[in-house]
Amino acid sequence: MSKHYKIAVLPGDGIGPEVMREAIKVIDVLKQMDPSFHIELHSYPWGSEYYLKHGEIMPRDGFQELIKYDALLFGAVGDKRVPDEITIWDFIMPIRKNFNQYINFRPVKLLKGVESPLKDSENIEFVIIRENAEGEYSNSGGTLYSGTDSEIAIQNTIVTKSGVEKVAKYAFEYARKNNFKSVVSATKSNAIIHSMKLWDEIVVKVSKDYPEISMQSNYIDALAAYFVSKPKEFEVVVASNLFGDILSDLGAAVVGGLGLSPSANLNPEGDFPSMFEPVHGSAPDIAGKNIANPIAQIWSTALMLKHLGRDDLGALIIDAIQEVLRKKEVRTPDLGGTAKTIEMGSAICDAIKLMMSKERVEI
Ligand code: NAI
Ligand code: MG
């Protein structure tokens with residue numbers, strides 16, 4: 001009997017609910033077209049509106065609720081009426097950390113029909129594997145003497161041997177599985193001489209178990225420039241939490257923008273649900289206008305289905321996205337067009353329907 005998936009949907013704030021609506025439309029089409037695909041979605045209204053009403057961004061027992069699911073599909077959080085530290089640190093970060101989603105997997109791929117701002121851009125395709133549970137985003141530190149001339153702020157970076165080992169192993173295993181020849185590690189051990197030195201040592205140590213894969217360390221400042229000057233050379237980039245965060249917006253810009261960039265927060269052991277979300281945030285500058293590009297959210301949904309074991313459906317969604325972009329008929333404003341979020345979502349749904357009905361005819 002085919003599996004029945006249970007998914008928690010967390011649309012969040014700003015453009016989150018707008019792009020999530022389109023991802024749900026895609027799931028509905030897959031359900032309609034493939035009777036063997038059983039999936040149940042439960043949506044939660046958590047986020048800034050909820051906070052303004054209830055004084056908390058998610059209920060205290062929210063984690064007991066979320067842990068029951070096979071995966072979480074997340075939109076974005078952030079609202080000008082609520083401090084970002086609340087939306088980030090009371091919502092998305094605790095999910096990543098409590099569910100030990102220590103890998104953040106972010107594909108960077110230039111799809112046909114999308115223009116890169118770079119001249120020589122054909123065949124850009126690599127993946128950023130970001131440490132997602134510790135590092136610079138550790139919420140360790142504090143302030144002293146607030147509001148006085150002696151004010152002090154201390155923010156600690158926490159790098160553990162086991163944390164780096166896990167993300168480095170994941171990156172090399174991914175490279176091996178996909179027959180890639182190189183892994184690039186983002187570092188800054190010339191200036192950050194404690195935490196980044198440990199990062200370097202562990203990545204080098206892990207790399208010894210993969211003699212067929214070359215390992216190169218690049219300082220983050222130079223690496224940022226290489227993302228622009230020679231992005232085609234990358235296959236797998238492994239980075240700490242902060243470096244991976246910055247590199248992924250840069251990577252997104254190189255392949256057409258944040259509206260096209262998906263991500264997966266993974267707990268590879270499957271002890272907890274993994275979470276799938278676009279790289280982008282709530283985009284308050286365009287929220288409510290129905291012009292956000294839903295592709296990042298829909299592609300994240302494809303990553304979720306692949307993770308759940310439905311590689312076929314995940315690949316189908318990505319093919320449909322590719323088909324719509326290649327045709328260049330429906331384009332949201334970030335891609336230079338005038339199409340609405342809903343139109344882009346519908347175009348992808350139509351492409352999926354067409355592909356699935358053709359498959360049926362061929363069978
Ligand atoms: P952002 O990613 O929301 O927006 C950056 C720029 O990209 C904006 O000009 C926006 O209009 C554009 N953009 C983003 N997604 C788009 C889409 N799907 N289609 C078309 N254009 C798109 O980052 P920003 O402005 O730094 O942050 C806004 C809020 O989002 C803040 O409150 C921030 O804390 C939060 N945030 C939340 C994240 C999450 O939920 N995982 C991640 C990043 C930021
Ligand atoms: Mg980010």
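Visitor: Does Arg310 count as buried or exposed, and at what relative accessibility?

Guide: In this predicted model, Arg310 counts as buried, because its relative accessibility is 12% and the cut-off for buried is under 20%. Asp34 is buried as well, with a relative accessible area of 11%.

Visitor: Which side chain does Arg310 meet in a salt bridge?

Guide: The side chain of Arg310 meets that of Asp34, with 2.8 Å from N to O. Arg310 sits in the loop between helix 9 and helix 10, whereas Asp34 sits in the loop between helix 1 and strand 2, so this pair ties together parts that are 276 residues apart in sequence. Asp34 and Arg310 are also linked with Asp312 in a network of salt bridges, and the structure holds 17 salt bridges.

Visitor: How should I read the nonpolar core, and which residues touch the most other members?

Guide: As a general idea, nonpolar side chains in soluble globular proteins tend to be buried together. Here the largest nonpolar core has 83 residues, of which Leu30, Met304, Ile348 and Ile352 touch the most other members. Helix 10 (residues 311–327) gives the largest share of this core, eight residues. Both domain 1 (1–101 + 275–363) and domain 2 (116–255) contribute residues, so the core lies between them.

Visitor: What is Ile352 in contact with, beyond its neighbours within four places in sequence?

Guide: With those neighbours left aside, Ile352 is in contact with Val26, Val29, Leu30, Leu316, Ile317 and Ala320. A second, separate core of 20 residues includes Phe63, Val82, Phe91 and Ile92.

Methods
Residues are numbered from 1 along each chain as its sequence is written. Chains are lettered from A and ligands numbered from 1 in the order in which they are written. This is a predicted model: local features need pLDDT of at least 70, side-chain atom pairs count only at pLDDT 80 or more; totals for chains, interfaces and linings use all residues. Side-chain values use heavy atoms; hydrogens and water are left out. A nonpolar core is a set of buried Ala, Val, Leu, Ile, Met, Phe, Trp, Tyr and Cys residues joined through side-chain atoms within 4.5 Å. Buried means under 20% relative accessible area, exposed over 50%, partly exposed in between (1.4 Å probe, protein chains only). Helices (H or I, at least four residues) and strands (E, at least two) are DSSP runs, numbered from the N terminus. Domain bounds come from an automatic or database domain assignment. Contact means heavy atoms within 4.5 Å. A salt bridge is a side-chain nitrogen of Lys or Arg within 4 Å of a carboxyl oxygen of Asp or Glu.
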